Amino acid sequence: MKFRLYRYSPESGEKPHMQDVELDIDPVGKMLLDALLAIKAQDETLSLRRSCREGVCGSDAVNVNGKNRLACITPLGELKEPIEVRPLPGLPVIRDLIVDMEPFYRQYRSIKPWLINDGPEPEVERLQSPEDRALLDGAYECILCACCTTACPSFWWNPDKFVGPAGLLQAYRFIADSRDEATSARLDNVEDPYRLYRCHGIMNCVDACPKGLNPTEAIGRIKSLLVKRRV
Amino acid sequence: MNTRRFDALIVGGGGAGLRAALQLARSDYKVAVVSKVFPTRSHTVSAQGGITAALANVDDDRWEWHMYDTVKGGDWLGDQDAIEFMCREAASAVYELEHMGLPFSRLDNGKIYQRPFGGQSKHFGGDQATRTCAAADRTGHALLHTLYQQNIQHRTQFFDEYFALDLLRDADGYCLGVTAMSIETGEPLLIEARTTLLATGGAGRVFWNSSNAMINTGDGLGMVLRAGLPLQDMEFWQFHPTGIAGVGCLITEGVRGEGGYLLNKHGERFMERYAPHAKDLAGRDVVARAIAIEIAEGRGCGPRGDYVDIKLDHLGEKTIAEKLPGIRDLAIRFAGVDPAEKPIPVAPTAHYMMGGIPTNLYGQVVAPARFGPEEPVPGLYAVGECACVSVHGANRLGGNSLLDLIVFGRAAGKHMLEYLRDNPYPRSLPGNAAEASLARLQRWDQAGSERVAAISDDLRRLMQTHAGVFRTDAVLREGLEKLNELEGRLAHAGLQDTSRVFNTARIEALELENLMGVARATLVSAISRTESRGAHTREDFPARDDEHWLKHTLYSRAGDQVDAKPVRLKPLTVESIRPKERVY
Amino acid sequence: MKPATGAHAGTGIWLVQRATAVVLAVALPGLMAHFLLALPVDFSGWQGLFAPLWVRVLLLLTALALALHAWVGVRDIFMDYIHFTGLRLALYLAVIVTLAGSVVWLAAVLWGSA
């Protein structure tokens, strides 16, 4: 199979370039990650992140033929050759397929992603109805792979100011949690022309999410809550 | 060499490390976490089914019954004081997670959802219990993210993508931190800490077919072996019965807990023959052996007869969507079947290391020393899969792993606080403390004829063949000989890529060194144990031998020595559970 | 970078964008229909179309909505791409002057010609 891989090594002094690679591999039942690791076994200078190889840890997000995906759950057979693999767009490249995720993590931390409840702690669990718990479905499953946020042009232009789809989805995860008491403060935190309203609803994030989540919908819900609070 | 100084240092950013870090971060002490991956990429994230605690939300339950099941599940090799401690603390530890925001699934009355898991019983071996608390089939993900979020809130200092190399110790044996390497820059770093906790997880990647993440390479075990400390019960590896055939990704025991069952090629529910009472919910070692036998005797499914089927379509679309959405996803992606319509092909896959770094129930690493066989190594702790408390004995029960992480993570965190109060002043680091580490790093700048990737592959194949579900003396010894050859080859291995920045080839070489140590410890310990107990099945010694082998093995690298230490059969407060035949 | 928190702004202008979109969606087809159905052949016929007060009021309101809608949209584009604050402010000013000027001019045309 034919691959075109983005290669960059800061120590080599060379500019980033695309490398053509031929690999003898039977695509049946294989994922893109299998192919990348097979290439790495031949040429160990190729660098990429990987961990769980089953789509739950979020390490190996890359841009494949123009779309952000997790290499470990992208079937090789589905891809058009030459398979072009690049690092995630919109983040500084450290080397080859590895990007600096810090701008993404910083936005995640900025939404205060932890449950806030200053009420007295019962000695058993806080109760939550299955209906209230169902509100978290589609939000808590985020694996922080950054596929969505780095597919969003608004994040490309303002990575330091726009929270991005992943961060906003997590903001909603806590707003939606019946156990969380800080809804108002959380709304204050994101009510901002840049932090929230850079989202113009183009839904690249929905298209990119490898877990099938819908950040745009969550952002819409945050906006309706803000409107409700205001009018 | 750059140096950073903290009161407490945690090596490993999985569930155990983050739970301990949280305990310390809530205090006034400075705590740092070193992790070779961003913490939420740790293998805890893959845990599916749940965390076991006798909350009795669904059905009658008591922690004493949980304790009985754990002792029996571990084939009486677990230390009963530690098991009592874990089962007693379970409920409060789980409630605490709930208070931190973990999004548990809920029952209609609003309490935490619980599901039946293998090896769980009421009334000390009676009917099936319902004890495993779950967040759908993503409990590990929910737990790890919750703990990470709590740590950000409490401003834990994270060294993400730093690879820990070696323990720093002084002449009196005190642990004073670690040497590490920034993966991004390739620069070595010395992290001094008055107390250090290893929470580096398992080493399942030592097997060819494994459910484990690619990062599970036993790094903490390698550090401990190099420091001259022993490893305990390394012959005990759990093979999870239901990994997706040919891939290894896990199909949670929760599938069987929700009512799924196993079928051979004749469509027979074969577990009824092996465990007439518990059937598909017998201990994992029992089910894995049963599947291996079905396959070996020609009753496997598929063209090569190398797997069995797990059927869950009868559970209905709704149950699968609500309780097992991640499993459905995995099955569609990796096996090409929708479990709501067709059974999933499964086979046993290496899953969990029951052995590890010997500790007491405060997480202190213990080793034979001047004053006795279980002397704490001052300043050094270990928790989670890399540690052996031992609560899992010869076979771990499903749902007890996440529990182990948070109960002993919390206990170790608390004890480290006491240690910091009792040892208020930093001890000075010997001048040459980092020398061995630096030499190890420099060794990989030299050229060599052998390739790391090839040796890794051979090591995994070797372990799969020679230390798998069924073992004999001859097969194990042959494996050890082959391992000697591999070690010879490793000495001549070199990297093609000697660059500094994010050189993952260098990391893989360092990981291979750690895996080699794990493999040796496993083979040598397995040869020494001439009985079958739990997950360690010797075809040449098919029976459990309590007279000679109701004891732990302690492997030391010097001279491949295997010592023994007694199993603690005396719990903290309740009556001892005496060994008897283990049937399900 | 200092930790970001919300400026407590943005919801109003976002609402304005949505509300003006609704106004435009209703008013534009109505006005189009009004003009197209009685397409005049000469100037006096053309003038006559603007004679009823409701036409002039509706037209002015639509233009106001369009200007506000355009303002939010253009402001978004500048916020996305123009990171130099001085330049962005100057461009804001130019757009505001142009849009406001156009609306006032339209009002003058509509009422001045009567």
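**Salt bridges and chain contacts in a predicted three-chain model**

A search over all chains of the whole structure turns up 82 salt bridges, a salt bridge being a side-chain nitrogen of Lys or Arg within 4 Å of a carboxyl oxygen of Asp or Glu. The model is predicted, so to speak with care: local features need pLDDT of at least 70, side-chain atom pairs count only at pLDDT 80 or more, and totals for chains, interfaces and linings use all residues. Residues are numbered from 1 along each chain as its sequence is written, chains are lettered from A and ligands numbered from 1 in the order in which they are written, and side-chain values use heavy atoms, with hydrogens and water left out.

Take chain A to begin with. It has 8 helices and 7 strands; these are DSSP runs numbered from the N terminus, helices being H or I of at least four residues and strands E of at least two. The C-alpha trace of chain A spans about 60 × 35 × 30 Å along its principal axes. Of the 231 residues in chain A, 59% are buried, where buried means under 20% relative accessible area, exposed over 50%, and partly exposed in between (1.4 Å probe, protein chains only). As for charge, chain A carries 31 positive and 34 negative side chains, with the centres of the two sets 5 Å apart. Here Lys and Arg count as positive and Asp and Glu as negative, while His and the chain ends are not counted; each charge is placed at NZ of Lys, CZ of Arg, CG of Asp or CD of Glu.

Now for the partners. Chain A puts in 60 residues and chain B 63. Together they bury about 5000 Å², with carbon and sulfur atoms giving 51% of that area; buried area is the accessible area (1.4 Å probe) that two parts lose on being put together, summed over both. A:E44, A:R53 and A:E125 supply 15% of what chain A buries against chain B, more than any other three residues.

Chains A and B are also joined by 6 salt bridges. In one salt bridge, the side chains of A:R95 and B:D497 meet at 2.7 Å, N to O. Another pairs B:E161 with A:R49, the closest N and O atoms being 2.5 Å apart. B:E161 sits in the loop between strand 6 (157-160) and strand 7 (162-169) of chain B, and A:R49 in the loop between helix 1 (32-42) and strand 3 (61-64) of chain A, so this pair joins two chains. B:E161 counts as buried at 15% relative accessibility, and A:R49 is buried too, at 17%.

On the chain C side, 19 residues of chain C contact 21 of chain A, burying about 1900 Å², 55% of it from carbon and sulfur atoms. The C–A interface has 2 salt bridges, and A:R198 bridges to C:D80 with the closest N and O atoms 3.0 Å apart. Chains B and C have no contact, their closest C-alpha atoms lying 14 Å apart.

Within chain B, B:R131 forms a salt bridge with B:D61 at 2.8 Å between the closest N and O atoms. This pair links distant parts of the chain, 70 residues apart. B:R131 is buried at 0% relative accessibility, and B:D61 at 10%.

Methods
Contact means heavy atoms within 4.5 Å.
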